[in-house]
Amino acid sequence: MESPSRCSVIIIGAGVSGISTAKVLAENGVEDITILEASDRIGGRIRKEGFGGFSVELGAGWIAGVGGKESNPVWELADKSGLRTCFSDYSNARYNIYDKSGKIFPSGIAADSYKKAVESAIQKLRNDEANPCGGDLSKGTEPPSMPKTPMELAIDFVLHDFEMAEVEPISTYLDFGEREFLVADERGYEFLLYKMAADFLFTSEGKILDSRLKLNKVVRELQHSRNGVTVKTEDGSVYEASYVISSVSIGVLKSQLISFNPPLPKWKTDAIEKCDVMVYTKIFLKFPYKFWPCGPGKEFFLYAHERRGYYTFWQHMENAYPGSNILVVTLTNGESKRVEGQPDGDTLKEAMGVLRDMFGPNIPDATDILVPRWWNNRFQCGSYSNYPIISNDDVVQNIKAPVGRIFFTGEHTSVRFNGYVHGGYLAGIDTGKALLEEMEKEKKEMERKSDNQTFLLEPLLALTLTQTEAVSNLHKCEIPTQLYLSSKIGIQEAIL
Ligand SMILES: Cc1cc2nc3c(=O)[nH]c(=O)nc-3n(C[C@H](O)[C@H](O)[C@H](O)COP(=O)(O)OP(=O)(O)OC[C@H]3O[C@@H](n4cnc5c(N)ncnc54)[C@H](O)[C@@H]3O)c2cc1C
């Protein structure tokens, strides 16, 4: 049997966090790394696909948080790479709400409803803060009003599912600014990752040819001890390393695709359990021509239905790709899972039914549909992490904390920016730095131990031997290997 290949650090996963952590290590002299990626590409949840003659983003699409007091590092990378983006403003969506008969709700009514929904969300947040365990609400707190009408449900969906229930200013917008840019580049959002990888991996003609990146390697088991980690993959390969960094998503950690031996401690598994996984699905539809309104303030529109989240949120791609005739509808959570489980033909019928409600019976049929399946993809198991609003930092700190020689990174380990590409990118850098510190500490500890032992040994040897004799005689006696690492007895490297 072949002996396992050994390196300093194995990184599991080649999404944005895996690549950014590997880059930090390589740039700081730890080049002896192996990246094991389950799929046949890098990028993870940043993924483009050709559709209807254009490049569409199945996963991350926006660079969120631009134009603020601090610069978003992903925006900087995009700028350096000349990535094509276009400004996106979905705040207008609330003024383009269609009912089932194709009428647009008057803007005043929509604005009032939106204001009420925000107030209600703030009230709910206050209640949750006052009663974190869901206790008696009668003591000075008002129950928030629940959305009931199709329009209220549509607005509630946008506020909670699309804008992710952020009723308070969140770090991304507070720190990096409130503007958002849609990536509209044929090379895809993932081009940023290739650029990053090219800084430390060998590439030629746009392809990564470095043997330290191993694709189609599904990690299934991590055996860890005080001395190192053994990693086993689905195809029977075995790798050994001093340290492992796992960058797999929170959904994959929950799914137990990877087993840990010994098992992860309870504080870790409890934290993983507490973090929610959101499912967010962008369905792409191609048409022979466009029949929807375009122009300023019209990029996004909503459909008001009595079932919350039923094909509610629509976007046309004319700003990103003029003439593409592509519409995108976003589903989340329950609706995403339902649609993932049915044939695409059924989804197409449902979507066309909704479009005919909004734009009349004479619109053309879509000629193609693309339905990503993030929930059923065993290397993702969802779209991104979502910490309950009332959860303390301990949960994310425990998710992030290393267990022995296994470190954890990924967007879900970012305290300030979880759920975003920049969250994954910055988390990768953080984890890389934390591991470098740990390696430095370990090195110093080894040196200290080695010094102490030399200190004990030297007077003994000095009683009877010259230094040269001491060295040659060391071969004959049972002395721990560390002794040979000491330069004080004239040996630079291990000689056993
Ligand atoms: C539909 C959707 C829309 C989004 N929209 C936006 C947006 O507009 N803006 C934004 O900023 N963010 C958005 N996000 C979130 C963003 O994409 C993620 O936060 C970010 O890409 C996560 O990067 P990561 O490195 O943490 O994880 P991942 O990208 O998931 O990387 C983990 C890698 O690990 C691999 N892996 C998993 N299991 C194993 C295994 N057992 N062995 C080996 N490898 C394994 C996976 O294949 C993957 O490549 C969106 C995500 C989705 C899904």
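**Close-up views of a predicted model**

View 1. Helix α10 (residues 344-359) holds 16 residues and spans 22 Å from its first C-alpha to its last, close to the 22 Å expected at 1.5 Å a residue. The expected span is 1.5 Å times one less than the number of residues in the helix, and helices (H or I, at least four residues) and strands (E, at least two) are DSSP runs, numbered from the N terminus. Thr 347, Ala 351, Leu 355 and Met 358 are the buried residues of α10. They sit on the same side of α10 because they cover an arc of only 70° around the axis, taken from the directions from the helix axis to the C-beta atoms. On the other side of α10 you will find Gly 345, Asp 346 and Gly 353 exposed. Here, buried means 20 or more other C-beta atoms within 10 Å of a residue's own, exposed means 12 or fewer, and partly exposed is in between, with C-beta atoms placed from the backbone. The cover over the buried residues of α10 includes β17 (280-286), β20 (326-332) and α9 (333-340). Gly 360 follows α10 and has a positive phi, near 95°.

A note on reading these views: residues are numbered from 1 along each chain as its sequence is written. This is a predicted model, so local features need pLDDT of at least 70 and side-chain atom pairs count only at pLDDT 80 or more, while totals for chains, interfaces and linings use all residues.

**View 2. The shell around the ligand.** Which residues come nearest to the ligand? Of the 41 around it, they are Gly 13, Gly 15, Ser 17, Gly 44 and Gly 424; a residue counts as near if its C-beta atom, placed from the backbone, lies within 6 Å. Elements giving two or more residues to this shell are α1 (16-27), β5 (62-66), β17 and α12 (421-464).

**View 3. Helix α6.** In α6 (residues 191-198), the buried residues include Phe 191, Leu 192 and Met 196. Among the elements that cover the buried residues of α6 are α1 and α2 (73-81).

**View 4. Backbone details in loops and a helix.** Asn 261 and Pro 262 are joined by a cis peptide bond, with omega about 0°. Pro 262 lies in the loop between β15 (259-261) and α8 (266-274). Asn 216 has a positive phi near 55° though it is not glycine, and its place is the loop between β11 (213-214) and β12 (219-224). Asn 333, in helix α9, also has a positive phi, about 40°.

Technical notes:
Two residues are in contact if their C-beta atoms, placed from the backbone, lie within 7 Å.
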